[in-house]
Amino acid sequence: MQNLNIVFIGGGNMGQALVTGLLDSDWNADSITIVDNDQAILSKLSEKFSNCHVYSQSEAALNLADVVVLAVKPQAMQTACEQIAAQCQIKRPLIISIAAGVLINSIDSWLGGELPIIRCMPNTPALVQSGITGLYANTEVSAKQRELAFEILSSVGTALWLEYESLLDAVTAVSGSGPAYFFYLIEAMMDAGKSLGLNETQARELTVATATGAAKLIAKSDQSAQALRLAVTSKGGTTEAAINTLQQYDMKKIIETAIKNAATRSQQLSNTNE
Ligand SMILES: NC(=O)c1ccc[n+]([C@@H]2O[C@H](COP(=O)([O-])OP(=O)(O)OC[C@H]3O[C@@H](n4cnc5c(N)ncnc54)[C@H](OP(=O)(O)O)[C@@H]3O)[C@@H](O)[C@H]2O)c1
């Protein structure tokens with residue numbers, strides 16, 4: 001598959017993360033094309049990905065495309081799709097959209113209809129090849145194209161399939177926006193550490209290493225999060241004192257409400273992008 005031609009429309013943060021991931025997974029650089037509007041981004045792309053093709057216009061690139069990855073901002077999606085619609089109708093490549101909150105039906109109608117389209121939601125740890133992506137495919141997508149999309153998104157972390165497009169709202173709320181929740185917790189833990197006398201560097205090192213370690217521990221374990229928590233919570237001990245406080249403020253309910261609000265917002269944004 002690594003010789004199939006992939007065209008990225010949009011070479012910003014996420015487009016670049018995906019190209020980096022593909023090159024690190026030994027994808028043939030000569031099979032990767034990046035198209036972008038922005039002159040400053042184009043010169044950066046030509047330098048950073050000197051073995052790939054970098055264009056300011058999509059026409060030449062799309063003639064050979066097996067896959068087109070739409071990596072522009074949601075508000076730029078309609079224009080981007082309409083610019084490439086005629087060529088997509090001739091070549092009928094697999095379309096992969098990473099735009100948050102833009103429904104497959106909208107993308108399909110802007111592209112002229114009946115194309116194989118996969119909509120997905122990666123997250124920013126993709127920038128360090130540690131992302132997770134939820135994917136949903138329409139009925140035009142073949143088994144081979146599903147495999148291909150999975151391979152592309154797995155180059156920047158892990159990926160999982162969803163049964164319904166609407167589940168992308170839950171993915172957006174849990175993992176799409178999720179890194180920010182962890183950054184917020186890290187911020188709060190660092191502030192607490194500093195209020196106990198640690199300096200900024202010490203507070204950051206202790207908190208970030210703990211977050212990374214806890215994440216690695218649960219990823220390698222077959223135990224539930226609750227079991228792992230109880231295993232480090234001795235009766236009358238320090239962890240229990242902290243957990244009791246979190247429970248007193250009903251931290252679980254706060255997080256549940258926050259994530260439900262994110263999912264509702266994702267749904268609202270999808271409706272406005274229709
Ligand atoms: N960042 C995240 O956490 C995250 C997570 C999941 C999904 N996403 C999705 O990923 C997508 C890309 O996000 P990003 O942060 O990478 O955006 P970005 O940095 O703004 O990159 C998009 C690039 O595409 C260019 N562009 C816009 N319209 C174009 C067109 N018609 N043809 C060619 N190039 C075009 C833009 O140029 P101009 O600026 O000149 O228009 C810009 O350089 C978004 O839809 C976002 O929802 C992002």
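Colleague: Where does Arg92 lie?

Modeller: Arg92 is in the loop between helix 4 and strand 5 (94-97). Helices (H or I, at least four residues) and strands (E, at least two) are DSSP runs, numbered from the N terminus. This is a predicted model, where local features need pLDDT of at least 70, side-chain atom pairs count only at pLDDT 80 or more, and totals for chains, interfaces and linings use all residues. Residues are numbered from 1 along each chain as its sequence is written, and side-chain values use heavy atoms, with hydrogens and water left out.

Colleague: And what is phi of Arg92?

Modeller: Near 50°, which is a positive value in a residue other than glycine. Asp26 also has a positive phi, near 65°, and is not a glycine either.

Colleague: Where is Asp26, then?

Modeller: Asp26 sits in the loop between helix 1 and strand 2 (32-35).

Colleague: Buried or exposed, Asp26? And what about Arg92?

Modeller: Asp26 counts as exposed because its relative accessibility is 63%. Arg92 comes out at 36%, so Arg92 counts as partly exposed. The cut-offs: buried is under 20% relative accessible area, exposed is over 50%, and partly exposed is in between (1.4 Å probe, protein chains only).

Colleague: Which loop holds Gly112?

Modeller: The one between helix 5 (104-110) and strand 6 (117-121). Gly112 is exposed, with a relative accessible area of 53%. The C-alpha atoms of Gly112 and Gln89 are 6.8 Å apart, and these residues are separated by 23 residues along the chain.

Colleague: Switching topic. How many helices and strands are there in the protein?

Modeller: 12 helices and eight strands. The C-alpha trace spans about 70 × 35 × 30 Å along its principal axes. The protein has 274 residues, and 39% of them count as buried.

Colleague: What domains does the assignment give?

Modeller: Domain 1 (6-170) and domain 2 (176-270); the bounds come from an automatic or database domain assignment. Their C-alpha centres lie 33 Å apart. Nine residues from domain 1 and seven residues from domain 2 take part in the contact between them, where contact means heavy atoms within 4.5 Å.

Colleague: How much area is buried between domain 1 and domain 2?

Modeller: About 580 Å², with carbon and sulfur atoms giving 54% of that. Buried area here is the accessible area (1.4 Å probe) that two parts lose on being put together, summed over both. On the domain 1 side, Gly101, Asn123 and Asp169 lose the most area to domain 2, together 64% of what that side buries.

Colleague: Now pockets. How much space lies in the largest pocket?

Modeller: About 2800 Å³. On a 1 Å grid over the protein atoms alone, a pocket is an open set of points with protein on both sides within 12 Å along at least five of seven lines, and lining residues have an atom within 4 Å of a point. Grid points are joined across faces, edges and corners, and a volume is the space filled by probe spheres set on the points.

Colleague: Why does the largest pocket count as lying between the domains?

Modeller: Because domain 1 and domain 2 both give residues to its lining. That lining has 50 residues, with Phe182, Leu185, Ala211, Ala214 and Ile255 nearest the centre of the pocket. Helix 9 gives the largest share, 11 residues.

Colleague: What's the lining of the largest pocket like by class?

Modeller: There are 31 nonpolar, 15 polar and four charged residues. Ala, Val, Leu, Ile, Met, Phe, Trp, Tyr, Cys and Pro count as nonpolar, Asp, Glu, Lys and Arg as charged, and the others, Gly among them, as polar.

Colleague: And what volume does the second largest pocket have?

Modeller: About 830 Å³. Its lining has 33 residues, and Gly10, Ala71, Val72, Lys73 and Pro74 lie nearest the centre. Helix 1 (13-24) and helix 4 (77-91) are the elements that give two or more residues to this lining, and helix 4 supplies the largest share, four residues. By class, the lining of the second largest pocket has 16 nonpolar, 14 polar and three charged residues.

Methods. 1 Å grid on protein atoms, 1.4 Å probe; cavity = no way out; pocket = protein on both sides within 12 Å on 5 of 7 lines; lining within 4 Å.
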